Amino acid sequence: LQSLPAGAISIVWESVAEAEKYRVYRAAGDCSVTPDTLVATDLTVLMHTDVPPTDGIYCYSVTTTRFNSESPPSAAVSAISDRTPPATATGLQVALLASGVQVSWDRPAAGEMPTSYRLYRNGIQVRTVTDDSPHLSILDYPATGGDVSYRIASADAVGNEALTGEI
């Protein structure tokens, strides 16, 4: 299982010999309970992306079907659904230097702390920073001529982002 941005969870499994189709079951909470909510049926591929109704821990299992019979469930595994981005970086500043463009910002003062920051130039991600210093800075080297805009995205472990305003 893999937790993805926007609360999605990707479930991938191995092929089972002679299985015709697969079913995916989900339960809220840890795997102390057997997943019993059918979230996907008649699958012929070996993966499914689920978006549970709320953030939290979810447990999944997979069954196979053949000739209208269903196998016992696979071993249950859990993942976290997380739609909430971390707090937004503050104090974004840009300075033109002889050697490039200095982009600097501050960590959020409160809230969920980011696991990384992503520098966007003209809407395209160009760098990732994992430093947890209170004040961060990147020297960027955009092509000469034309207008350039920057944004910083605070990102959490599953990839949810909180973007600063454009500067």
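Predicted model: local features only at pLDDT ≥ 70, side-chain atom pairs only at ≥ 80, totals over all residues.
Met 47 belongs to strand β5, which covers residues 47–50. With a relative accessible area of 38%, Met 47 is partly exposed, because that label covers values between 20% and 50%.

Now let's turn to the aromatic rings. How many aromatic pairs does the structure hold? There are 2 of them. One joins Trp 13 and Tyr 22: their ring centres are 5.6 Å apart and their planes meet at 55°, so this pair is tilted. Are these two residues buried or exposed? Trp 13 has a relative accessible area of 13%, so Trp 13 is buried. Tyr 22 is buried as well, at 4% relative accessibility. Both values fall under 20%, which means they meet the cut-off for a buried residue.

Another aromatic pair is made by Trp 105 and Tyr 117. Here the centres are 5.8 Å apart with 55° between the planes, and this pair, too, is tilted. Where do its two members sit along the chain? Trp 105 is part of strand β10, residues 100–106, while Tyr 117 is part of strand β11, residues 116–121. The pair therefore ties together parts that are 12 residues apart in sequence.

Notes. Residues numbered from 1 in each chain as written. Heavy atoms only, no water. Phe/Tyr/Trp six-rings, centres within 6.5 Å; stacked < 30°, edge-to-face > 60°. Buried < 20%, exposed > 50% of the residue type's maximum accessible area, 1.4 Å probe, protein only. Helix = DSSP H or I, 4+ residues; strand = E, 2+ residues; numbered from the N terminus.
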